[in-house]
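User: I'm new to this structure and would like to learn how to read its features. Could you walk me through a helix and some charged pairs?

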Amino acid sequence: MYKVFVNDVPIILSTEKNMGDEYKSFPIKEVKIKRLIKKVAKGELLKVNLYHKKEEKLLKHLKKKLKTIVAGGGLVKNQNDEILFIYRNKRWDLPKGKAEKNESIEETALREVEEETGVQGLEITNFLQKTYHILKRNGKYKLKETFWFSMKTDFTGELLPQEDEGITKVKWKNSEKTQKALQKSYANIRMLFPVVSE
């Protein structure tokens with residue numbers, strides 16, 4: 001099963017044809033995806049299940065219908081066990097960005113975190129998970145597939161928000177402040193934190 005977010009509303013991709021009465025279920029192969037996304041974005045549909053009997057075909061079909069942007073990002077901890085957040089579009093977020101040509105996804109994640117925050121000396125400790133959300137670029141819906149990595153750093157220098165990317169603040173947050181920030185974040189970011197996961 002996968003969750004693909006439109007704003008903060010998850011579209012479920014599953015092998016179950018029936019997810020219960022509150023869910024509207026559609027076969028993923030036949031669904032008119034753009035029409036569906038519009039309805040979800042407008043709040044006309046809130047519980048959506050797209051199904052296929054083979055789990056490995058779910059994302060394949062979605063990726064046939066929507067151009068995919070691949071991105072990498074990091075959940076970064078410093079020596080004080082604080083977590084690195086960026087502030088953009090009135091929400092707290094984690095640093096991430098689009099993969100460049102001939103770049104491994106790990107290289108993307110490290111480069112983007114450094115570019116967006118000014119933090120150096122980053123080291124990947126492990127892969128966390130992939131998240132999916134749908135965004136609109138130049139009038140077209142696209143699927144963003146983000147690979148998230150757990151990272152650590154000993155960096156104690158100045159944090160530099162990448163302003164040309166719309167980032168206005170970069171902050172290290174302890175666990176209490178992290179919980180507060182997650183309330184003003186995105187559902188797919190909250191999924192990376194088991195304590196407050198949806």
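Predicted model: local features only at pLDDT ≥ 70, side-chain atom pairs only at ≥ 80, totals over all residues.

User: Let's start with helix α1. Which of its residues are buried?

Analyst: First, the general idea. An α-helix has 3.6 residues a turn, so residues three or four places apart point the same way. Now the case here: α1 covers residues 33-42, and its buried residues are I33, L36, I37 and V40. They lie on the same side of α1 because they cover an arc of only 100 degrees around the axis.

User: And which residues are exposed on the other side of α1?

Analyst: There you find R35 and K42, both exposed. If you follow the chain just past α1, you come to G43, which has a positive phi of about 85 degrees.

User: Now the charged pairs. How many salt bridges does a search of the whole structure find?

Analyst: The search finds 11. One of them joins the side chains of E145 and K63, at 3.1 Å from N to O.

User: Is E145 buried or exposed? And how does K63 count?

Analyst: To read this, compare the relative accessible area with the cut-off: buried means under 20%. E145 has 5%, so it is buried. K63, at 32% relative accessibility, counts as partly exposed.

User: Which residues does R111 form salt bridges with?

Analyst: Among its partners is E100, with the closest N and O atoms 3.6 Å apart. E100 sits in the loop between β8 (96-98) and α3 (105-117), while R111 is in helix α3, 11 residues apart. Another partner is E115, where the closest N and O atoms are 3.2 Å apart.

User: How far apart are R111 and E115 along helix α3?

Analyst: They are 4 residues apart, which means a separation of about one helical turn. As for accessibility, R111 counts as buried at 16%, whereas E115 is partly exposed at 37%. E100 is partly exposed too, with a relative accessible area of 46%.

User: Which residues are linked in a network of salt bridges here?

Analyst: The network links E100, E103, R111, E112 and E115. You can trace part of it yourself in the view, starting from the pair E100 and R111 and going on to R111 and E115.

Technical notes:
Residues numbered from 1 in each chain as written. Heavy atoms only, no water. Buried < 20%, exposed > 50% of the residue type's maximum accessible area, 1.4 Å probe, protein only. Helix = DSSP H or I, 4+ residues; strand = E, 2+ residues; numbered from the N terminus. Arc of directions from axis to C-beta. Salt bridge = Lys/Arg side-chain N within 4 Å of Asp/Glu carboxyl O.
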